[in-house]
Amino acid sequence: MGRVFFLTLPWALIVCLRPNLIMSNFSPIISPLKDNISSPNHSFTPAKHGETINTPSSHYTNKMNTDITASAKPEYPVIDRNPPFTKTVGNFNTLDYLRFTTITGISVTVGYLSGIKPGIRGPSMVTGGLIGVMGGFMYAYQNSAGRFMGFFPNDGEVARYKK
């Protein structure tokens with residue numbers, strides 16, 4: 001506890017007393033906003049959806065990009081370019097669940113084995129399991145969404161959603 005305090009104390013003092021040392025790396029991002037806000041005759045009005053925000057460089061917009069862009073073109077029929085979360089999870093097939101449970105099981109085993117020597121098998125196993133659950137879910141989600149977007153073979157989905 002004491003070592004951590006003395007190691008973090010100098011950094012905390014630098015951030016509190018001299019924040020410009022830390023923030024100088026972010027000046028290309030912050031300076032247009034700071035210049036715009038600090039002008040004396042500027043009154044802030046929130047931008048409407050899709051409207052350009054008044055900044056010295058007017059490439060900032062208040063439009064959220066939810067479209068998924070990829071560097072490669074889909075090789076298979078596209079069912080949904082931007083599938084919602086519930087539709088993607090509902091589209092998990094047997095192979096997705098098999099991969100999900102395999103990654104989780106391997107992570108639990110690796111966590112258990114890595115905790116034998118220091119004597120923390122239980123917490124290490126739980127941590128490995130949580131990492132495996134998250135990684136396995138993301139891998140299954142990626143495959144399911146890829147089939148919807150046409151990046152992976154999707155014969156079953158095309159037949160199901162063709163109706």
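**Chatting about helix 6**

Reader: Which residues does N143 touch, not counting those up to four places away in sequence?
Author: D96, R99 and F152, with residues up to four places away in sequence left out. Keep in mind that this is a predicted model.

Reader: ok, and where is N143 placed?
Author: N143 sits in helix 6, which covers residues 121-149.

Reader: Is N143 buried or exposed?
Author: Buried. The cut-off for that is under 20% relative accessible area, and N143 has a value of 7%.

Reader: What end-to-end span should helix 6 have, and what does the model give?
Author: Counting 1.5 Å a residue, its 29 residues should span 42 Å. The end C-alpha atoms are 41 Å apart, so the two agree. The expected figure uses one less than the number of residues.

Reader: What happens just after helix 6?
Author: G150 comes there, and G150 takes a positive phi of about 90°.

Reader: Switching to M125. Which residues is M125 in contact with, leaving aside neighbours within four places in sequence?
Author: M125, which also lies in helix 6, contacts V108, G111 and Y112 once those neighbours are left aside.

Reader: How far apart are the C-alpha atoms of M125 and Y112?
Author: They are separated by 4.4 Å, while the two residues are 13 residues apart along the chain.

Reader: Which side chain does S124 have a polar contact with?
Author: The side chain of S114, at 3.2 Å. S114 is also one of the residues S124 is in contact with beyond four places in sequence, and the others listed are G111 and G115. G111 comes up for M125 as well.

Reader: New topic, the surface. Which residues form a nonpolar patch?
Author: V126, L130, I131, M134 and M138. Together they have about 530 Å² of accessible area.

Reader: Take L130 from that set. Buried or exposed?
Author: L130, found in helix 6, has 53% relative accessibility and therefore counts as exposed. The cut-off is over 50%.

How values were computed. Residues are numbered from 1 along each chain as its sequence is written. This is a predicted model: local features need pLDDT of at least 70, side-chain atom pairs count only at pLDDT 80 or more; totals for chains, interfaces and linings use all residues. Side-chain values use heavy atoms; hydrogens and water are left out. Helices (H or I, at least four residues) and strands (E, at least two) are DSSP runs, numbered from the N terminus. Buried means under 20% relative accessible area, exposed over 50%, partly exposed in between (1.4 Å probe, protein chains only). Contact means heavy atoms within 4.5 Å. Patches are made of residues with over 30% relative accessible area and no salt bridge: like charges are joined within 9 Å, nonpolar side chains (Val, Leu, Ile, Met, Phe, Trp, Tyr) within 5 Å. Accessible areas come from the Shrake-Rupley method with a 1.4 Å probe; for residues, only the protein chains shown count as cover. A salt bridge is a side-chain nitrogen of Lys or Arg within 4 Å of a carboxyl oxygen of Asp or Glu. A polar contact is a pair of N or O atoms within 3.5 Å; within protein, one must be able to donate a hydrogen and the other to accept it, and residues adjacent in sequence count only if both atoms are side-chain atoms.
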